Each structure stands twice: as C-alpha cells, then as structure tokens.
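Trainee: Could we go through this structure together, one question at a time?

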Amino acid sequence: MAPTHVLRCCQRGLAWIPVIFIALVVCWSYYAYVVELCLLTISSTGEKIVYLVVFHLSFVMFVWSYWKTIFTKPANPSKEFCLPKSEKEQYEKEQRPETQQEILKKVATSLPLYTRTGAGAIRYCDRCQVIKPDRCHHCSACDMCVLKMDHHCPWVNNCVGFSNYKFFILFLTYSLVYCLFIAASVLQYFIKFWTSDLPESHAKFHVLFLFFVAAMFCISILSLFTYHLWLVGKNRSTIEAFRAPVFRNGPDKNGFSLGFSKNIAQVFGDEKKYWLLPVFTSQGDGLSFPTRLVTIDPEQPTECLQLGGLDKGAVEVSAEQTSPLSESQNRLLGNDYHSEEDHKETEVLKSDESEAITISIESES
Ligand SMILES: [Zn+2]
Ligand SMILES: [Zn+2]
C-alpha cells in the first residue's frame, strides 16, 4: 500500500474517536442509570417504573437520531451538474479563467442556479469537477461536494447537510432531553449521597458522576441547539450564517428565507406527525431551493419567478460582468467546519449593469 493510502486509512480510523467516545459515555450512562440508580438505589417500585420507562423512551430516540445523523450519506450534486464531455475537455484545455467562465455559463443556462461566487462567477468545484448547486459546498474532510452543506461535525464523523440536517437537529433535541431527564431525576439522589443520607456504596460514585456529566452535556448542547433552531427559523445554514449567499444582485443573508413556518417546513416537512421522528421528510431535492426574490431579467424573454424555485426551467443567466474565478481554499470555521469555497470578499454585483429589477416579497408568516 502506498504511504498516502496508509495515512488516509489512519485518518479515517482516528476520525471515529469522538464517536466512540460519545458511544462509551452513553453506554456507561445507561448502566449507571438503569443498574446503579434504578435497580440498586431507588427503593420505591412506582418511581423505578416511571424513571425506567421515560429513560428508555428518551434513550431510544436519542440513539436512533444519532445513528441516522452518523450513517446517512451526504447528498452530492447530480449528473446534470457535471460538465458534458466536450465542454469538460474544452474547460481543461483552457487556461484563461474568463473563457472557462464562458464555458461554465453556457452549461449553467440549463441548471437551476441562483447563487454565484463573491465575484459574480458560476460556482465550480475543481476537485469534484462539478458546477456547485445553490447552497452546495465542498467539504475537505469528506473530499466531496455536499448539498446544502451545514458543517462537518467531528462528533458524528459526517457532514451535516441536506440529507441529514433534520436528523442532526433531532439528535441535539433528544440528547438535550436525555441529559435533562437524567440530571433532573438524579438530583435528589445526588443530594442524598452528598449529605450522607444514603449508605456508602459504589452506586454513589456512578450517581454523582451521572449528575455532573448530564449537567455538563446539557449546558454545552443547549447553546448549539438554540443556535440551530434559530438557523432553521431563518432558513440559513451555518456556512451561510457566516457568509451570506451571493445572488445576482449581491449577497443576501435572507435569500432563502420564505417566512418562519415555511422555513421550518423546508427542514421538517409538511406533516407535523413526522417532525419528531428521525425519518427523512425535508422538502425538495437539495439541488435547488426556492428563494424569496422575484427577478425580472431583461435578458430573459419571460419573467422569471424564483419563488417557485424548484422548477428547473427557470434559470436566470445574464451578460453581467464576471471577474475571474478566484477560489481560495478556506478553512473558515475552525475545527468543526471545513469548507473550501469561493471567498474573495464580496464585490457586490452591480445590478445596474444588467438592469435587473429585484423585488423582495415580505414573508407571509
Ligand atoms: Zn467538490
Ligand atoms: Zn464533511
């Protein structure tokens, strides 16, 4: 095996360490709660049963959503976003970025693309050789383009994106419920052990630690959980919260926001009965997203209504100025986020050049 191959295998193996750590903590918490607390410490049968039932409910939901977040493969751009053979050869031969952009633009006319690079160019991933759909980013940890990429999460050793964002939110929700329930039900026994109302036993060690660990996880998850709920309400990914998506008329951090309830439905689906279950119910295909802008483009024979978003025919292409594509590799968000992306800070597209009129529609809810 080539040394780089071995290195890659080692990296892949090491990446599982945080997941294994969480799994071990969860296994220990199960043993400590069920055996040491419920079976060996609590004497009242009624209390035992209630605790065990609620505990197992939250445990199952937590493990289920964690599992789905880890093992749901990130969604990648479909074949339509690859350059056709002749254009690809032409693109590779071509040295000048301007001409390369012309090739990309020609291909992009048949694609539902509304976002551009900061310089106004078509977003293209040289590594995957694919035109990036809106909200798609290249993850350097996964080495692939991921649809509606949110961030690469080491705690699940997976990319959080279109295919598993709902699972990720539910994972945060149920881990919070799990930790809160443990902390709340353990508290009185924690106090009793602390004040020596209960006899010294090895259950004491487990119960004390159970409370500390649950409380610690609660605090750390809570901030992440509220942040992601806020993002869902605004229909932004973590990457978009750090850097607003750039539309033809410039960056717009609310570009994909359709109003609170529609934003929720984008991630959780229309049917409320599935909201709390880790089954896939997110709307759309991850390749195109409705935007809140209505653009009337003089270059287009008909008005192009983006609000319908998902119809692939509605594509806006214009003869606006495009600067050379400048893709700087950018590990912008530290440990948890790896996204290589167009990041020459944002030269706002001059809308008067293409004389596009843009009307913002106020969200209805
Ligand atoms: Zn890529
Ligand atoms: Zn990733």
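Mentor: Gladly! One definition to begin: axes are lines fitted to C-alpha atoms, for helices over the stretch in contact, and angles run from 0 to 180 degrees between N-to-C directions. Helices (H or I, at least four residues) and strands (E, at least two) are DSSP runs, numbered from the N terminus. This is a predicted model, where local features need pLDDT of at least 70, side-chain atom pairs count only at pLDDT 80 or more, and totals for chains, interfaces and linings use all residues. Residues are numbered from 1 along each chain as its sequence is written, while chains are lettered from A and ligands numbered from 1 in the order in which they are written.

Trainee: Thanks! Are α4 and α5 roughly parallel or roughly antiparallel?
Mentor: The axes of α4 (residues 85-93) and α5 (residues 97-108) come within 9 Å and cross at roughly 160°. Angles under 35 degrees count as roughly parallel, over 145 as roughly antiparallel, 65 to 115 as roughly perpendicular and the rest as oblique. The crossing angle therefore makes α4 and α5 roughly antiparallel.

Trainee: Which residues of α4 and α5 make the contact?
Mentor: Two residues are in contact if their C-beta atoms, placed from the backbone, lie within 7 Å. On the α4 side these are Glu-87, Gln-90 and Tyr-91, and on the α5 side Gln-100, Ile-103 and Val-107.

Trainee: Is Thr-117 buried or exposed?
Mentor: Thr-117 sits in the loop between β1 (115-116) and β2 (124-125). A residue is buried if 20 or more other C-beta atoms lie within 10 Å of its own, exposed if 12 or fewer, and partly exposed in between, with C-beta atoms placed from the backbone. Because Thr-117 has 23 C-beta neighbours inside 10 Å, it counts as buried.

Trainee: Which residues of α9 are buried?
Mentor: Helix α9 covers residues 260-268, and what covers its buried residues includes α6 (165-194) and α7 (202-234). The buried residues of α9 are Asn-263, Gln-266, Val-267 and Phe-268.
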